[in-house]
Amino acid sequence: MFKSIKVSILFFLVSPMLLCAQITDSLRIKNIGTIPIQTVIDSVSNSKLADTENTNSEKQKKKNDTPDVLYLLNGDKLTGKIVSFEQGRLRFDAQGPGNVYVKWYKIKSISGGSKVYRVENDKGEIFIGRIIETPVSGEISVLCIPKQELKLEHVIRIYPLETEWFKGFKGDLGGGVSYTKSSDVFRINAESNLYYIISKWRFVSNLSYISTSTRDSDFSERIQFTLQEFYTLQNKWFLYEQNSFNRNDELGIDAKISFGIGGGNFIVLTEKQKLKVFSGILQNFEKTIQRVKFTSDIEWPLALQHNIYSFLHPNLTSSTSLTSFVGITEQGRYRFDASTDLTWEFVTNFKLELSFYYNYDNKIIQGKNNQEDYGYVLSLLLDLK
């Protein structure tokens with residue numbers, strides 16, 4: 001019965017579109033004879049002229065695009081493309097040498113060519129505009145209103161605002177496989193960390209997948225997917241919105257869908273580290289392995305994230321995240337998530353990452369006796385430009 005209803009609804013929605021298409025074709029066929037031949041010729045000529053103009057416009061646009069120029073303190077000059085500037089280090093795709101990394105104190109100035117960039121300083125301020133070089137060593141100028149001269153030692157991030165949307169995705173993708181014969185443990189893990197920036201918005205997507213199969217226990221699966229949107233305010237403050245999906249067989253969670261909003265502040269923001277704290281309210285829809293229906297609850301999250309950057313040899317990055325969840329509608333329930341990542345960039349565009357995670361939930365799910373889950377993961381990551 002339900003299938004027939006669905007088919008009827010689908011036919012009801014599709015049939016008017018098919019009917020309109022048939023009517024349009026019919027009218028077009030009937031009216032062909034009434035169109036003067038000269039009108040058709042003029043139409044074709046105008047179409048060719050428009051295509052020619054579009055082609056010329058694209059050629060002119062490419063001609064007007066000027067490359068970025070990097071001026072070094074030792075007098076060298078490199079021409080190419082600014083890939084990113086983060087934590088005191090410029091990543092520059094130079095014509096000839098390819099990707100090079102230059103620390104801020106070795107840079108005299110930067111010319112950003114014809115592109116528009118988003119520039120952030122250690123005060124949490126954002127400037128959007130073209131970048132031009134200045135005569136003052138260790139300084140750049142951002143052509144916004146009003147024009148800003150910024151010391152490179154105070155610049156936290158420079159991000160190019162790409163004209164083609166698909167080029168705006170940055171981050172890394174990776175995974176790993178491990179097998180232990182003595183215990184017959186087979187593990188697969190995959191992860192992605194992507195971000196996208198538009199003006200004062202920063203979109204962050206994180207995915208972590210771990211599956212474990214052993215000889216003496218059931219197949220175990222852990223999935224965490226989070227999509228966050230951050231909007232920058234003044235004085236290092238920001239607003240955020242979060243959507244997430246979680247699954248953890250060890251804790252008895254078959255599916256947890258969450259939606260949250262809140263705000264936070266960068267307590268520490270320098271070229272070597274950043275520490276931010278944020279909080280808000282979280283709405284959860286949860287289904288355990290023993291239940292068929294979802295239950296809903298509201299929680300109060302409090303999160304602390306700390307990143308440390310070291311671009312000496314070797315190039316290491318450390319990231320730690322601590323988040324507590326206190327039940328509001330389900331009083332007495334408390335959850336805690338923690339993770340630490342250590343990333344080593346051993347070759348250009350490739351990284352090794354060692355991660356440790358810990359999850360705790362004081363609510364015991366029927367069919368599971370565990371209140372905590374923890375483990376470590378070793379992954380090979382590919383850095384996306």
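Mentor: The accessible surface of the protein comes to about 22800 Å², with 61% of that belonging to carbon and sulfur atoms. Accessible areas come from the Shrake-Rupley method with a 1.4 Å probe, and for residues only the protein chains shown count as cover. This is a predicted model, where local features need pLDDT of at least 70 and side-chain atom pairs count only at pLDDT 80 or more, while totals for chains, interfaces and linings use all residues. Residues are numbered from 1 along each chain as its sequence is written, and side-chain values use heavy atoms, with hydrogens and water left out.

Trainee: How many helices and strands does the protein have?

Mentor: Two helices and 22 strands.

Trainee: What percentage of the residues count as buried?

Mentor: Of the 385 residues, 36%. Buried means under 20% relative accessible area, exposed over 50%, and partly exposed in between (1.4 Å probe, protein chains only).

Trainee: Switching to charges. How many salt bridges are there in the whole structure?

Mentor: The search finds 17. A salt bridge here is a side-chain nitrogen of Lys or Arg within 4 Å of a carboxyl oxygen of Asp or Glu. One of them pairs lysine 351 with aspartate 172, at 3.9 Å from N to O. Lysine 351 lies in strand E21 (residues 350–361) and aspartate 172 in strand E11 (residues 170–180), so this pair ties together parts 179 residues apart in sequence.

Trainee: Are lysine 351 and aspartate 172 buried or exposed?

Mentor: Lysine 351 and aspartate 172 are both buried.

Trainee: What about lysine 363, which side chain does it meet?

Mentor: That of glutamate 330, in a salt bridge of 3.1 Å, N to O. Lysine 363 is in the loop between E21 and strand E22 (372–384), and glutamate 330 is in the loop between strand E19 (315–327) and strand E20 (334–347), so the pair ties together parts 33 residues apart in sequence. Salt bridges that share partners join Lys256, Glu286, Glu330, Arg333, Asp361 and Lys363 into one network.

Trainee: And how exposed is lysine 363?

Mentor: Lysine 363 has 26% relative accessibility, so it counts as partly exposed. Glutamate 330, at 25%, also counts as partly exposed.

Key: Helices (H or I, at least four residues) and strands (E, at least two) are DSSP runs, numbered from the N terminus.
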